[in-house]
Amino acid sequence: MPITKSSLNLKKISLIRNPCEFPYFCWFFSIRSKTTLTQYESDAPIPDQIFKSAAQMGSYKSGDSTFYSLIENYANSCDFRTLFQVFDRMKRERRVFIEKNFIVVFRAYGKAHLPEKAIELFGRMVDEFQCRRTVRSFNSVLNVVIQEGLFHRALEFYDCVVGGKTGISSNVLSFNLIIKAMCKLGLVDRAIEVFREMPAQKCEPDVFTYCTLMDGLCKEDRIDEAVLLLDDMQIEGCFPSSVTFNVLINGLCKKGDMARVTKLVDNMFLKGCVPNEVTYNTIINGLCLKGKLDKAVSLLERMVASKCVPNDVTYGTLINGLVKQGRSVDGVCLLSSLEERGHHGNEYVYSALVSGLFKEGKSEEAMGLWKKMVEKGCQPNVVVYSALTDGLCREGKLDEAKEILCEMVNKGCTPNAFTYSSLIKGFFKAGNSQKAIQLWKEMAKNNRMPNEICYSVLIKGLCEDGKLREALMVWTHMLGHGLRPDVVAYSSMIHGLCNAGSVELGLRLFNEMLCQESDSQPDVVTYNILLRALCKQNSISRAIDLLNSMLDQGCDPDLVTCNIFLSTLSEKLNPPQDGREFLDELVVRLHKRQRIVGAAKIIEVMLQKFLPPKASTWERVIPELCKPKKVRAIIDRCWNSLFF
């Protein structure tokens, strides 16, 4: 362990045979041993003799250094009550306060998550403690506020101090902190203005300034500007670091522009910056997002060859990518090869693989992996247990899933909402609604508060089972607990009402849905439920109106929507229609709303149904699909396949 100042002090203390020979230690340990509130409220009984050892120096008095040590000790332990008792005594004895005393306290306030206390103390420094403030104490408080995530408050504090009569001018750290706050708030243009003002304030931006601004630009999807900033910093003589390149690589990977990532990595090597674990992990994640898993595995091998040690993030990203592509078996093979190299998978890797194997119908392999994990001493957590429970429910093995739940509870692992939701969904799917309701009651009995997901699963199951009355009771109970229904809950209730013949009530609930937040807005499933119900009632004109509303809300029709109207037009109209004119008109409407992808999907449905679009419709859609930007995107994808 490295020797620090505090560890040296402890060594000195341990060498003292009789602490009472030194009054300071005797007093310090006696104070720390007192725990009652009244004892803390009294002034610290500091013996005068402990201050007589220090020499008189200028305005400083004998014993000042001891006070400073006490301030640091109490600040490090966040004992603010005793700390301010020391401050009060220093004021009574007219001792000198130095800025370092306050910086130590500001850091302690940051550790204790008390940013407002830090701002308050900063304001008292001059008038109450006669201590001159500089940019050092200002930056310390500003950092505490920003670390707490109070970015608006940080801007207010900055403007108050720098724009006031404090005499404090910003330095590079001040600018870096305020640019960070602005970027976190999405005020990137303001951050750029502050950045441009730095040279006028005789402050040259450093590598941290550029990195912070680049990160803000990337998060606002202004990656081109961030890349141009890389050129600017090199022109200004500020050399980029690995962190600088990692910020840009991360932005480009999220955008899926892997061709530019390749060029940036080449530039990185030219500038003498060696890719680190973050660089490799970011690119591997980008490749996984693009579905280029084989390239990602090859990059892992290159990473190892470069003597860059992969970590849990590396393996987790790769295995999760393989699982998402339906290649869980390859993920298991990768895990085995990693374990041969001495790396062990964590609970999240195992949960992803177990869940993936079950979803691919490989239940035996999933159970084998579970047993292997337990044998290797990897203690399952709630994520792994939930994945196993969900998988067994998917296979219809509900008794085994219930046993896993009991084992989970017996081992002190608290089931979460996903665990219970999987079992409840499984019982409903098996047609055993009574056991699903019983499990719900058991969850409430064990003080496991259900969330929106649990309520949605229960409401959906009850509606599908024809228990509309019970579903309405659960709905009321959900609202009574202040929980907001999501799109699944709304759609399930609308489906239940429509199946019971209460289409008007379903439409009323749909209108309520339109007033909710984004995660509760109707989706294509909701619209299809209502469209089918209206067409079933021969309310074709109302169904057409709802379809127009669907298009206005930005929701594109799918194959189910098309089939609903094709069936209605062929069965309900006299004479019957094949639906070609209807679908052709739907393509035109989508095109007018600049929803080219949606229009292309309807054309695909028409071709599958042997209903070719009109020539005029082709003329509308084809040029849109072949616009230069779209062609350029296809070319970029080709370049990506060449480079990666």
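**Figure 1. Surroundings of Ser 363 in the predicted model.** Leaving aside residues up to four places away in sequence, Ser 363 touches Leu 357, Phe 358, Glu 395 and Lys 397, where contact means heavy atoms within 4.5 Å. This is a predicted model, in which local features need pLDDT of at least 70 and side-chain atom pairs count only at pLDDT 80 or more, while totals for chains, interfaces and linings use all residues. Residues are numbered from 1 along each chain as its sequence is written, and side-chain values use heavy atoms, with hydrogens and water left out. Ser 363 belongs to helix H21 (residues 363-375); helices (H or I, at least four residues) and strands (E, at least two) are DSSP runs, numbered from the N terminus. With a relative accessible area of 10%, Ser 363 is buried. Buried means under 20% relative accessible area, exposed over 50%, and partly exposed in between (1.4 Å probe, protein chains only).

**Figure 2. Tyr 109 and its contacts.** Tyr 109 sits in helix H6 (residues 99-111). Its relative accessible area of 5% is why Tyr 109 counts as buried. Not counting residues up to four places away in sequence, Tyr 109 touches Phe 80, Phe 84, Leu 114, Lys 117, Ala 118 and Leu 121. The C-alpha atoms of Tyr 109 and Val 144 are 7.6 Å apart in space, and the two residues are 35 apart in sequence.

Figure 3. The side chains of Asp 88 and Lys 91 form a salt bridge at 4.0 Å, N to O; the term denotes a side-chain nitrogen of Lys or Arg within 4 Å of a carboxyl oxygen of Asp or Glu. Both Asp 88 and Lys 91 lie in helix H5 (residues 80-92), three residues apart, about one turn of the helix. Asp 88 is partly exposed at a relative accessible area of 33%, and Lys 91 is partly exposed at 31%. Arg 89 pairs with Glu 93 in a salt bridge whose closest N and O atoms are 2.5 Å apart. Arg 89 is buried at 12% relative accessibility, whereas Glu 93 is partly exposed at 24%.

**Figure 4. The salt bridge between Arg 542 and Glu 504.** The closest N and O atoms of this salt bridge are 2.8 Å apart. The pair links distant parts of the chain, with Arg 542 in helix H31 (residues 540-552) and Glu 504 in helix H29 (residues 503-514), 38 residues apart. Arg 542 has a relative accessible area of 34% and is partly exposed; Glu 504, at 46%, is partly exposed. Elsewhere, salt bridges that share partners join Asp 88, Lys 91, Arg 124 and Glu 128 into one network. The count comes to 28 salt bridges.

**Figure 5. A nonpolar surface patch.** Leu 607, Trp 618 and Ile 622 make a nonpolar surface patch of about 250 Å². Patches are made of residues with over 30% relative accessible area and no salt bridge; like charges are joined within 9 Å, and nonpolar side chains (Val, Leu, Ile, Met, Phe, Trp, Tyr) within 5 Å. Accessible areas come from the Shrake-Rupley method with a 1.4 Å probe, and for residues only the protein chains shown count as cover. Ile 622 is in helix H35 (residues 615-625) and is partly exposed, with a relative accessible area of 37%.
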